[in-house]
Amino acid sequence: LSTAMVPAIAKNLDEGLAELKKKSTQLMHFFFPLSILLMLCSRYIYQYVFSESFVYSALIFNIYLLLIIPRVLFPQTILTGIQKTKFLLLSSVLEIVLNVSLSIWLASELGLPGIAYGTLLAYLFDKIFLIFINSFVNKIPLSKYLQTSTFCVYSIAACIVFSLSYYL
């Protein structure tokens with residue numbers, strides 16, 4: 001979706017943003033429920049497909065499922081469409097530095113799940129940074145290209161289900 005929307009945004013910013021908002025909402029309606037369902041079932045799937053010894057791997061899988069939260073945000077598409085790509089390079093460098101450093105630090109604190117948490121935090125930082133660039137530098141608020149209420153409800157639901165997946 002990100003790559004497919006660049007020409008529409010480059011051609012007509014307002015129409016492109018409206019289309020991006022519509023299509024990203026459609027993706028949210030598909031991928032968030034799927035991720036939530038997988039979070040609820042992953043422990044049992046790992047136990048059934050592999051063995052009881054692999055149930056711990058379901059936790060790592062569930063952390064990576066939380067990556068759905070930053071993945072349905074598309075601030076980079078706008079920056080590419082309006083040809084302000086220097087911010088993408090800066091964001092990418094910061095993301096990789098954060099990913100490596102947080103993953104190493106969190107791995108020492110939490111073990112293997114720490115690596116997944118480091119990746120999640122780095123991806124979240126990347127998207128938040130680019131959203132701020134769009135909002136403050138380019139004057140394009142998040143609400144122009146994201147159905148924020150839908151995103152918030154799904155994100156909160158995913159985090160709650162992730163937390164509950166420890167106990168189910």
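Analyst: The discussion below treats the fold, the helices, the cores and several individual residues in turn.

User: What is the overall architecture of the protein chain?

Analyst: The model is a predicted one. Its protein chain contains 8 helices and 0 strands, and along the sequence the order of elements reads α-α-α-α-α-α-α-α. The C-alpha atoms occupy a box of roughly 55 × 35 × 20 Å along the principal axes. Of the 168 residues, 42% count as buried. The exposed surface comes to about 9300 Å², and carbon and sulfur atoms supply 70% of it.

User: What share of the contacts between residues at least 6 apart in sequence joins residues at least 24 apart?

Analyst: That share is 74% in the protein chain.

User: How do you know whether the span of helix α7 is close to the expected one or far from it?

Analyst: Helix α7 covers residues 112-137, which is 26 residues. The expected span is 1.5 Å times one less than the number of residues, and for α7 this is given as 38 Å. The distance from the first C-alpha of α7 to its last is likewise 38 Å, so the span is close to expectation.

User: Which residues touch the most other members of the largest nonpolar core?

Analyst: They are F32 and F151, in a core of 31 residues. The elements giving two or more residues to this core are α1 (2-11), α2 (13-49), α3 (55-65), α4 (68-71), α7 and α8 (148-164). Helix α2 gives the largest share, 6 residues. Leaving out residues up to four places away in sequence, F32 touches L27, I68, I69, V72, F151, Y154, S155 and A158. A second, separate core has 6 residues, including L79, F87, F129 and L130.

User: Why is T119 called buried?

Analyst: T119 has a relative accessible area of 11%. Buried means under 20%, so T119 falls in that class. The residue belongs to helix α7. Beyond its neighbours within four places in sequence, T119 is in contact with Y64, L67, N99 and S103.

User: Why is F61 called partly exposed?

Analyst: The relative accessible area of F61 is 30%. Buried requires under 20% and exposed over 50%; the value for F61 lies in between, and the residue is therefore partly exposed. F61 is part of helix α3 and touches L38, S42 and Y46, with residues up to four places away not counted. Although F61 and S42 are 19 residues apart along the chain, their C-alpha atoms are separated by 7.7 Å.

User: What makes Q83 count as exposed?

Analyst: Its relative accessibility is 67%. Q83 sits in the loop between α5 (75-81) and α6 (86-110). Its phi is near 60°, a positive value in a residue other than glycine.

User: Why is K139 called exposed, and what is its phi?

Analyst: K139 has a relative accessible area of 61%. With the cut-off for exposed at over 50%, K139 is therefore placed in that class. The residue lies in the loop between α7 and α8, just after α7. Phi of K139 is near 55°, a positive value in a residue other than glycine.

User: How far apart are the mean positions of the positive and negative charges?

Analyst: For the 11 positive and 7 negative charges of the protein chain, the mean positions are 9 Å apart.

Notes:
Residues numbered from 1 in each chain as written. Predicted model: local features only at pLDDT ≥ 70, side-chain atom pairs only at ≥ 80, totals over all residues. Heavy atoms only, no water. Helix = DSSP H or I, 4+ residues; strand = E, 2+ residues; numbered from the N terminus. Core = buried A, V, L, I, M, F, W, Y, C linked by side-chain atoms within 4.5 Å. Buried < 20%, exposed > 50% of the residue type's maximum accessible area, 1.4 Å probe, protein only. Contact = heavy atoms within 4.5 Å. Areas by Shrake-Rupley, 256 points an atom, 1.4 Å probe, with all protein chains shown as cover. Lys, Arg positive; Asp, Glu negative; His and termini not counted. Charge placed at Lys NZ, Arg CZ, Asp CG, Glu CD.
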